[in-house]
Amino acid sequence: MTEMIDVAVAVAPDKPFEFRKVELLPPRADEIRVRIKATGICHTDVAVKDQYFALPLPMVLGHEGAGVVEEVGAAVNHIAVGDHVVLCGDSCGHCRSCNQGLNFYCDQFVERNLSGLRPDGSSSLADGDEVLPGRFVGQSSFATKVVASGRGAIKIPKDLPLELMGPLGCGLTTGVGTVQNALKPSPGSSIAIFGAGTVGLAAVMGARLAGCEKIIVVDVLAPRLEVATELGASHVIDAGKEDVVDAILSITKGGANYSVECTGVPEVVIQAVNCLTRPGWCAQVGVTPSGVTVPLEMDQVLYGRGIRGVVMGEAQVANFVPYLAELYRDGRLPYDRFVQFYDFADIDQAVHDSAVTGEVIKPILRMN
Ligand SMILES: [Zn+2]
Ligand SMILES: [Zn+2]
């Protein structure tokens, strides 16, 4: 059945989101239809709208959707009508990475998640005669309903607050997973986290769960550093006031065992490597526009220091998202402290408050 839904369309960097009523086509065999309860706004959504990360527009963005399943395609076996789900990205299901459960390193990651379309070039959204890209990260959740990738849907218990759960599918998985799955710090080790947004703060909570002793957070916004301290940072550094690398070398008496770089700013990437001890690993999580290069001092890298990119916390999301949901339930992942809810209609305000002024860390849009 085709039905009319409301979507917020990103059309151009300097224009507000356009609210449109568009047609949602029925799900195919490997898809599900979900009534979105709420969706987080992630930095990547803003980066695409602003064309810092230049995907083709117009597109319906949004990739931290949580909702209730209304219809299930014949080939989707792990989800039923009425289930509460968090939507993660799409993947092919049969390449080497998919076989290990690492959907975000899928050979077809880009075409399935960043084109806004299915691999065959079609979309589940139609705006009159226009095909509207509605498949961003397998979902395009800035919408009252979506047809999403069945493989990307993860069932969560119904007694958890669904409207809070969407960010588990991206920001929280990325931050906690980068620490727990990619860096795997031993208890008592030190870690420096650059950028106290959702991902950085999730990394703080992940580092605390992993038993890191010195958890150092770097940002330029004092209120964010305060939240970092509340969530378990042992030290915070205002990068506008201190020499970051000197401060970290001093706190750790020679360098951090690990770092997590969440900003994607080249000068910060260099700091995140130069603050390490020997040997030490930096996980690069922040996104830079394509073509950007970072000049690392090779005499720094030589002594056992390394940097590697990490996408989605290298998590087997089908297991990791429910694991995070249980951590939230137990009070060990209190990310609700830095969430602010907005009505869907106020999406531009939510983007402004989080990406422009930075006063809100994780905005979540409610679809009611
Ligand atoms: Zn994201
Ligand atoms: Zn794959």
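**Figure 1. Contacts between domain 1 and domain 2 of the predicted model.** In this predicted model, 16 residues of domain 1 are in contact with 13 residues of domain 2; two residues are in contact if their C-beta atoms, placed from the backbone, lie within 7 Å. The largest contribution to the side of domain 1 that touches domain 2 comes from helix 1 (residues 43–49), with 3 residues. That side of domain 1 has 10 nonpolar, 4 polar and 2 charged residues. Ala, Val, Leu, Ile, Met, Phe, Trp, Tyr, Cys and Pro count as nonpolar, Asp, Glu, Lys and Arg as charged, and the others, Gly among them, as polar. Domain 1 comprises 3–169 + 334–366 and domain 2 comprises 173–312, with bounds from an automatic or database domain assignment. Their C-alpha centres lie 28 Å apart.

**Figure 2. The open sheet with strand order 4-1-2-7-8.** The sheet has 5 strands and antiparallel pairing. Strands (E, at least two residues) and helices (H or I, at least four) are DSSP runs, numbered from the N terminus; two strands pair if DSSP finds at least two bridges between them. Strand 4 (59–60) and strand 8 (130–132) are the edge strands, each pairing on one side only.

**Figure 3. Strand 2 and strand 7.** Strand 2 (residues 18–24) and strand 7 (residues 125–127) run antiparallel and are joined by 2 bridges. Leu24 stands opposite Leu125 in strand 7.

Figure 4. Val269, Gln271, Ala272 and Val273 are buried in helix 9 (residues 266–274). A residue is buried if 20 or more other C-beta atoms lie within 10 Å of its own, exposed if 12 or fewer, and partly exposed in between. The cover over the buried residues of helix 9 includes strand 11 (190–194), strand 14 (256–261), strand 15 (276–284) and strand 16 (305–309), along with helix 8 (244–251) and helix 10 (298–301).

**Figure 5. The whole protein, for reference.** The protein has 12 helices and 18 strands, and 52% of its 368 residues count as buried. Among contacts between residues at least 6 apart in sequence, 68% join residues at least 24 apart.

**Notes.** Residues are numbered from 1 along each chain as its sequence is written, with chains lettered from A and ligands numbered from 1 in the order in which they are written. In this predicted model, local features need pLDDT of at least 70 and side-chain atom pairs count only at pLDDT 80 or more, while totals for chains, interfaces and linings use all residues.
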